[in-house]
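Please open the structure in your viewer and keep the selection panel at hand. We will go stop by stop.

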Amino acid sequence: MSPPSRLYLSPPHMSGREQTLVSEVFASNWIAPIGPMVDAFEAGLAKTTGIDHVVALSSGTAALHLALRMIGIGPGDEVWGSTMTFIGGVAPILYMGATPVFLDVEEDGFLLDLDLLERALSDCPKPPRVVVTTDLYGHVIDGQRMRNLADRFGFLWISDAAEALGAYRDGAHAGTGAAFSILSFNGNKIITTSGGGALASENGEAIAQARFLATQAREPAAHYEHKTYGYNYRLSNVCAAIGVGQLEVLADRVAARRAIHKAYRARLEGLPGIGFVGEPDGMVANRWLTTIAIDADMAGFDRAAAQNALERENIESRPLWKPMHLQPLFQDAQAIGGDAAVKAFDRGLCLPSGSAMAEADIDRVCRILRELAG
Ligand SMILES: *Cc1c(COP(=O)(O)O)cnc(C)c1O
């Protein structure tokens with residue numbers, strides 16, 4: 001018997017149209033970091049998010065870097081954000097020589113604890129210039145409350161919505177109302193351009209400046225003229241063509257991920273010690289990855305045992321993002337709050353959630369977890 005094929009966490013899911021669009025790029029010879037597909041992708045992202053101005057970039061990490069560069073933070077400046085995130089949402093703070101400060105997430109949730117944030121802002125003598133929220137696993141932060149806090153304490157709010165394309169809260173797309181929003185189209189995200197990202201803002205001048213900085217800060221002149229330095233961060237027109245095709249099916253991809261989440265719940269919710277993170281009123285998460293929390297005492301097995309059992313059956317799973325303040329890189333960083341993120345990390349496992357998964361794939365995962373439960 002041949003071994004079962006590998007079930008990945010979140011593999012790319014093409015519609016088929018992308019290849020046609022890439023062929024159009026080849027026919028037009030716009031094999032460049034500018035071109036009609038880049039323009040169309042940016043327009044499509046603006047329409048999808050409802051955020052007026054968007055620049056397509058080579059990665060989500062690049063988008064955050066540009067936002068921080070334009071805000072002009074540097075040594076001595078603090079940037080506050082959730083401890084539970086991916087390094088791409090943090091490393092640009094270090095690129096700028098600024099200091100990250102990590103705050104805990106909500107109990108039984110993935111998002112920055114806004115009560116904790118509000119208390120910490122009230123208590124600190126000098127509020128940070130920037131707060132980054134992270135819409136983890138496609139859950140969306142309360143944008144109205146973030147706007148109010150930003151106005152009251154005078155910081156700029158950056159929304160890291162890299163995992164939250166197609167997710168909404170109170171009728172607004174993830175990232176709405178932030179000074180800057182970050183998107184990612186890395187290979188494992190809900191839609192992909194193989195690699196890519198975008199920066200969105202209601203501030204058209206800022207996005208024009210981001211486009212300028214992402215194109216080596218070339219001044220308009222016949223020769224190459226530079227008053228400042230920039231980066232080579234634009235998205236290829238070839239990759240943008242993939243993005244245009246992927247955006248056409250975004251709503252389907254979100255629906256599929258939400259259905260997968262529901263199917264996991266239906267099969268696993270009865271097991272002792274297995275928990276899911278719910279959606280608060282008004283939130284429509286994209287359920288990029290379905291995660292379970294395993295209470296080892298009740299379940300009779302822990303997160304590592306589950307991951308190993310799945311791996312033996314050629315199924316990829318992953319712990320949640322390891323809290324940044326536990327990373328060796330940030331052993332000296334300031335951490336504010338309790339241990340909700342640490343507990344979530346200890347218990348949490350991301351299950352295969354690719355939008356092309358079949359019912360039989362979900363059954364395959366759940367059978368193994370049920371066997372573990374005995
Ligand atoms: C993927 C991701 C990023 C960075 O995106 P890249 O395109 O991979 O650079 C940033 N933050 C979070 C939370 C992410 O999941």
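This is a predicted model: local features need pLDDT of at least 70, side-chain atom pairs count only at pLDDT 80 or more; totals for chains, interfaces and linings use all residues.

**Stop 1**

Now show the residues in contact between them: domain 1 contributes 43 residues and domain 2 contributes 38.

**Stop 1: the interface**

How much area do domain 1 and domain 2 bury between them? The figure is about 3,400 Å², and 64% of it falls on carbon and sulfur atoms. Select F102, Y137 and I190 next. These residues supply 23% of the area that domain 1 buries against domain 2, more than any other three residues.

Turn to the polar side of the interface. Between domain 1 and domain 2 there are 21 residue pairs in polar contact, with both residues at pLDDT 80 or more. Which elements give two or more residues to the side of domain 1 that touches domain 2? Select β2 (78–82), β3 (99–103), α5 (114–123), β6 (168–169) and α8 (237–248). Of these, β3 gives the most, with 4 residues. Colour this side of domain 1 by residue class: it divides into 25 nonpolar, 9 polar and 9 charged residues.

**Stop 2: a salt bridge across the interface**

The interface of domain 1 and domain 2 holds 1 salt bridge. Now select K343 and E107. They form a salt bridge, and their closest N and O atoms are 3.0 Å apart.

**Stop 3: the three-stranded sheet**

Switch to cartoon view. An open sheet of 3 strands runs in the order β7-β6-β11, with antiparallel pairing. Its edge strands are β7 (172–173) and β11 (283–284), each pairing on one side only. Zoom in on β6 and β11, which pair in the antiparallel sense over 2 bridges. Select Y168 and look across to β11: V284 stands opposite.

**Stop 4: the four-stranded sheet**

Next comes an open sheet of 4 strands, in the order β10-β12-β15-β13, again with antiparallel pairing. Select β10 (274–275) and β13 (318–319), which stand at the edges. Each has a single partner strand, so one side of each is left without a neighbour in the sheet. Follow β10 to strand β12 (residues 290–294): the two pair in the antiparallel sense over 2 bridges. Which residue of β12 is the bridge partner of G275? It is A293.

**Stop 6**

The structure holds 16 salt bridges. For the last stop, select D77 and R129. Their side chains meet in a salt bridge, at 3.5 Å from N to O. D77 lies in the loop between α3 (60–71) and β2, and R129 lies in the loop between α5 and β4 (130–134). The pair therefore ties together parts that are 52 residues apart in sequence.

Technical notes:
Residues are numbered from 1 along each chain as its sequence is written. Side-chain values use heavy atoms; hydrogens and water are left out. Contact means heavy atoms within 4.5 Å. Buried area is the accessible area (1.4 Å probe) that two parts lose on being put together, summed over both. A salt bridge is a side-chain nitrogen of Lys or Arg within 4 Å of a carboxyl oxygen of Asp or Glu. A polar contact is a pair of N or O atoms within 3.5 Å; within protein, one must be able to donate a hydrogen and the other to accept it, and residues adjacent in sequence count only if both atoms are side-chain atoms. Ala, Val, Leu, Ile, Met, Phe, Trp, Tyr, Cys and Pro count as nonpolar, Asp, Glu, Lys and Arg as charged, and the others, Gly among them, as polar. Two strands pair if DSSP finds at least two bridges between them.
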